[in-house]
Amino acid sequence: MNDEFFEQFYEAPRAEFAEALYQRISRQSQSPFEGPMLQRLTFRNAAMVFALLFLVAACVYAVTDRGWRKVGGIWVNVERTYKLDFGPPPEISEGQNIQPVEPECLPVEEARKVLRFEIRVPAWAPEGYTFMNEICGIDESSDFAGLNWKGAEEHSWIQIMASNLRWFNMATQKYEVGPPTVWIPVGPGSYKEVQIHGQPAVLVRGDWDIPRMQAAEPPESQANQQVNVKWNKEQALQLYWVDGETMYSLYSGMDISVEDLIKMAESAQ
């Protein structure tokens, strides 16, 4: 059959009909349930992605919020909890009366002649604090020395511990210096780098919250106990810095500002 027979009766469709037919054909078919299912699928996928990201973040936090960190050249040990280990009490024979031996204290100028490392003493302290001007329990082999300032309140005080960074390496048979280290762990997010005379230092907010009932109990009742304590950012301020071959750690209550602590450290001479 010849196609010319059909073409003689063919009429072009109207423009409105052609446009409507095109729109209907080009639109993707969609069942009545496909929209809600896609919405549920999208929400579920989003929830799964969020849960996965949360898990990854938790793993990263668990890894990064503990361990050794180098802050301004000083190594800081970061832990989430701190375990106090109370060992067995000392054995005392029946009838034996042991009196505690008071350590010998020397004025600072005399102590400087005994110590085998140089120590600098702050010439300024916050108002209301008085320097005790003595160092106790030291000799020619001491690598640590403590300085104390007494406040006007009964339990207010400032303490500075100076430690010798110079040590003898048995392997190389030489003296070496450092590295400066904060050996007592600190809580996560409690530390940051500050400046003392333009040199990096470490500021720590808080201390380990030792339960008062543990501190009040006699040593016999605490024997062979282990207590996990948490970090309390409202308990203290600590400042660590290095001067020459000596490392200093300053410990104070929260009643002293960070600016005053830095000013005190910078007044050391």
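Q: By class, what residues make up the lining of the largest pocket?
A: Nonpolar covers Ala, Val, Leu, Ile, Met, Phe, Trp, Tyr, Cys and Pro, charged covers Asp, Glu, Lys and Arg, and the others, Gly among them, are polar. Here the lining has 24 nonpolar, 12 polar and 4 charged residues. This is a predicted model, where local features need pLDDT of at least 70, side-chain atom pairs count only at pLDDT 80 or more, and totals for chains, interfaces and linings use all residues. Residues are numbered from 1 along each chain as its sequence is written, and side-chain values use heavy atoms, without hydrogens and water.

Q: Which residues lie nearest the centre of the largest pocket?
A: A pocket is an open set of points on a 1 Å grid over the protein atoms alone, where a 1.4 Å probe fits, with protein on both sides within 12 Å along at least five of seven lines; lining residues have an atom within 4 Å of a point. In this case I184, Q238, Y240, S249 and Y251 lie nearest the centre, out of 40 lining residues.

Q: Where is H197, and is it buried or exposed?
A: Strands are DSSP runs of E, at least two residues long, numbered from the N terminus. H197 sits in the loop between β12 (191-196) and β13. Buried means under 20% relative accessible area, exposed over 50%, and partly exposed in between (1.4 Å probe, protein chains only). H197 is exposed because its relative accessibility is 56%. Its phi is positive, about 55°, although H197 is not a glycine.

Q: What joins G178 and P179?
A: A cis peptide bond, with omega about 0°. P179 lies in the loop between β10 (174-177) and β11.

Methods. Helices (H or I, at least four residues) and strands (E, at least two) are DSSP runs, numbered from the N terminus.
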